[in-house]
Amino acid sequence: MPRRLLGLLLVLPALAVIALLFILPLVMSAVGAFQLDGGLGLGNFAKAFDLYLKDILFSVGIVSLSTVLIGLGAVAIGGYLTLGAHPVAVTILRWLYRWPMFIPFIVVGQILRTFLAKNGMMNNTAVSLGLMGPIDAMSFLDWRGIVIAFVWKQTPFVALLVAGAMASVNREGIEAAVNLGASRLRVLIEIIVPQVTATLAVGLILSFVTMMSVLSVPLMINAQSPTMLTADIAFRVNAYGDYGVANALGLISLVLASSVAWIYLKISLRERA
Amino acid sequence: MTGLRLNLSVLWWLPRGLIFGLMAFFIFGPLFNMLLWTVTEKWYFPHALPLEYGFSAWTRVFAPRGGALESLGNSLVVAVLTVIVSLAFAIPAGYALARLKLPLRSLILLAFLIPQAFPNLTVYVNVARLFYEIGLNGTIAGVVLVHVSHGLVYAVWIAAAAFSAIDVELEQAARSLGAGAMRTFRDITLPLAAPGLMASAIFVFLESLDEFTGSYFVGAPDVNMLPLLLYTAGSGGNYQVASITALLLLVPSLIFMLIVERFLKADVLSRVGR
């Protein structure tokens, strides 16, 4: 059997799962987005933009800000693990940073809701340390809470990927640069980060699309307006049974997420060319 | 001179200690807050700590009508089945992506990302409608299938990375000694890829345990799962029950966190998504 055909045969069952259980319902929802009472049209989109434009911008802003913060955090952690001068400090960080990685999103939502609330542990600790008075305590259960939850949960995952890639960067170049007097920050930015961009991009894209899809965190931390598109979709379905607008909102977030995936595809194709 | 340098290097522990301390507070603070809630009898504003401690919420959760045991059982069964089915699909696919010449390889890799790239909500609504037609709605099998479609990206991407990290020459050596393709795969390739496959199994297991949206639309109300119990308790303001459920979901996550680096080595990690 030709190797190409064999390869396709081996990949086909897994692709069929995606096709039947995801692409097909996805097409159904895409078609549903254009279905109106009297046929096809753009009415659902007009309604979606009319009611939820603020939430669309809010979602993009929140997820983009979180992605940037996750990237910075992951590079900082990975960089310190690779270049850190003191072995004890490196060991402490290696032990410390990973804890939130596998904590389910729904648990993250619940524990940060109690932690960031006005009478949560964060404010209570600040008050008892004398950093602020009880009156200054404020709730972080708004857009900041969502960003904190996303960064809290996703940074260790990207940092793990990035640190792994950094560990396999050639040490000789790093040591030569250090011997020539380059600061460790400069070595990180100019030598190490350029060699791990592919891994960093994969981690950040996975995080971006994950955050675009998470329903539990916005529901549990901030379900008031403005909120994330996922909460709006759930609301349209649960409260009104309005699948048209829900599907339209779903299609809008697909376009947002797939534009990021498209950027990744272009970069990886260019690298291979 | 050396004494001065020693003092300076000790001084470095000031910023380090400050940063590590802040990190530890933000990582462990919420977890500690949750642990407090699991043993709280009475706690209200403006008290910084619970007023009364006790285990009454635990007896309520684990009472036959509390639902936790049923949810825990369902969640574990679904997660284990999801891992088995996902790996059955991902091992051949990952091997083909790593070793065989495939047309449109990048597009195929990207296809597995699709279920992660779309707000699952609207898709799961339509999946539920499809499953309802064929009698899969409200069954364990239905929930497993939804979780498989969601977890395949981890399974396939990590499996492909694990296979491509294996030295081709080892396989060629086995072949030149007369082993057939299947034998080489079973005796050489699969054992060498096992740590990476284990890591992908861990990711799929946790994805399934974590999954909320699909379980809600396809499973509920017939198949109760832990995340669903947590959400209903939390939105009902019952922080004790929500925190106990959260703890039940946390334990496997933390165990896996401690062991995952044993399976996911740098040579595999650097190949993920390539």
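This is a short talk on how chains A and B touch, how chain B divides, and where the nonpolar core lies.

The model is predicted, so local features need pLDDT of at least 70 and side-chain atom pairs count only at pLDDT 80 or more, while totals for chains, interfaces and linings use all residues. Residues are numbered from 1 along each chain as its sequence is written, and chains are lettered from A and ligands numbered from 1 in the order in which they are written.

I start with the two chains. Chain A puts 76 residues into the contact and chain B puts in 75; two residues are in contact if their C-beta atoms, placed from the backbone, lie within 7 Å. On the chain A side, helix α1 (residues 3–34) gives the most, 18 residues. Helices here are DSSP runs of H or I, at least four residues, numbered from the N terminus.

Between them, 4 residues of domain 1 are in contact with 6 residues of domain 2. Helix α2 (residues 13–38) of chain B gives the most to the domain 1 side, with 3 residues.

Last, the core. A nonpolar core joins buried Ala, Val, Leu, Ile, Met, Phe, Trp, Tyr and Cys residues through C-beta atoms within 7 Å, buried meaning 20 or more other C-beta atoms within 10 Å of a residue's own, with C-beta atoms placed from the backbone. The largest core has 173 residues, and those touching the most other members include Val162(A), Ala90(B) and Trp157(B). Helix α7 (residues 140–164) of chain B supplies the largest share, 17 residues. Beyond its neighbours within four places in sequence, Trp157(B) is in contact with Leu109(B), Phe112(B), Val272(B) and Gly273(B).

Technical notes:
Helix = DSSP H or I, 4+ residues; strand = E, 2+ residues; numbered from the N terminus. Domains from an automatic or database assignment. Buried ≥ 20, exposed ≤ 12 C-beta atoms within 10 Å, placed from the backbone.
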